[in-house]
Amino acid sequence: LAWGFLTSTLLEASITVLPILRHRWERLMPLRSPPVRELGRSMIPFLVLGAGIHATPIIERFYASRLPDGELSYLGYASKISSIMMALLGTGIATAIFPAMTRTHEASEGTGLVQALEYGFRLTVAVGLPVLAILSGLAVPIITVLFEGGAFQRVATLGVSRVIPIVLVGDLVFPMMTNLVERAYYAARDSHTVPIVATARSGLYWVGAAVLVDVWGYRGLAWAQTLVTGLTLSVLLCLLRRRLGFRFGTIIGHTWVSGSASLLAFLAARLISSSLSFFPPLLRLSAGGAVAMALYIVVLYRADESTAREVLEITGVKQLISRGRTLAGPQ
């Protein structure tokens with residue numbers, strides 16, 4: 001596994017270097033040039049506070065040593081599912097909208113950045129909340145299909161399923177929102193607020209984990225991570241609001257619309273999964289996921305047609321529908 005990870009990392013680095021080599025730069029930028037100096041100044045907070053920012057896994061392992069054997073692995077398996085979704089969705093929207101944030105901030109002195117942030121937040125909650133809802137509603141069949149077998153028994157499946165919703169909120173939904181907010185800071189040329197708040201977050205997690213792990217065990221660790229991540233997001237939003245003056249009501253409104261549709265999707269997924277409990281887990285997963293996602297899109301379409309269309313565009317469903325109509329030909 002270690003050699004495989006190293007090999008894949010080297011291949012990934014090689015692929016990213018290809019565009020640079022193809023560019024055929026004739027000279028390197030001198031270290032004393034203004035852009036290089038500005039880049040160096042922007043990196044200083046991350047270099048100085050880097051240990052605090054990335055201390056969460058160490059803190060988690062420290063407190064997990066108090067847990068019974070196997071319970072830390074429940075968090076690990078839940079995090080694997082969350083990390084897959086994070087890789088697919090977590091940084092995509094924030095990364096895609098970041099250039100627009102930068103351009104609009106420079107052109108309109110903050111107004112355009114607020115509009116880009118609100119637009120990105122609307123897409124983020126419209127994509128992240130249904131994923132949270134559907135995966136939580138289908139947690140048992142998902143874990144059964146992916147992991148159950150061999151030493152991974154039914155008790156482990158149930159143990160992981162109990163923590164899946166908590167981990168998805170703390171490792172997927174909140175980080176998706178935080179990535180977007182962090183990009184707004186970077187677009188405004190502020191590289192010190194985010195690492196300072198992230199370092200404080202590690203300290204809060206240390207305290208929260210110490211309290212909650214004794215109360216709720218491995219679920220306490222998950223709750224500590226989620227609560228601290230949510231608090232960090234709230235602090236970053238409040239500081240950014242004071243700086244840019246965006247409207248919290250707009251963000252809350254988007255969250256309410258997508259959250260309500262996601263709740264219905266969760267109930268549908270859970271109902272179908274329970275109703276088909278005697279069928280193979282893969283069938284329960286497929287049926288529950290299809291119905292829940294279709295219900296979410298229908299409800300969201302009635303409440304916010306433009307956002308529903310954008311979700312279909314992001315997920316590729318719109319292209320599939322268009323190709324299907326093309327292949328079907330004129331009726």
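Predicted model: local features only at pLDDT ≥ 70, side-chain atom pairs only at ≥ 80, totals over all residues.
Residues are numbered from 1 along each chain as its sequence is written, and side-chain values use heavy atoms, with hydrogens and water left out.

**Exercise 1.** Compare the reach of helix α10 with its expected span.

Solution. Helices are DSSP runs (H or I, at least four residues), numbered from the N terminus. The expected span is 1.5 Å times one less than the number of residues. Helix α10 covers residues 218-244, 27 residues. First to last C-alpha, α10 reaches 39 Å, close to the 39 Å expected. Gly-245 follows α10 with a positive phi, near 75°.

**Exercise 2.** Find the kink in α8 and state how covered α8 is.

Solution. Helix α8 spans residues 154-187. Its kink of about 40° lies at Ile-164, shortly before Pro-165. The bend is the angle between axes fitted to the seven residues ending there and the seven starting there. Next, cover: 25 of the 34 residues of α8 are buried. Buried means under 20% relative accessible area, exposed over 50%, partly exposed in between (1.4 Å probe, protein chains only). Just after α8, Arg-189 takes a positive phi of about 65°.

**Exercise 3.** Which helix contains Trp-216, and how exposed is this residue?

Solution. Trp-216 sits in helix α9. Trp-216 counts as partly exposed because its relative accessible area is 46%.

Definitions and conventions. Helix = DSSP H or I, 4+ residues; strand = E, 2+ residues; numbered from the N terminus.
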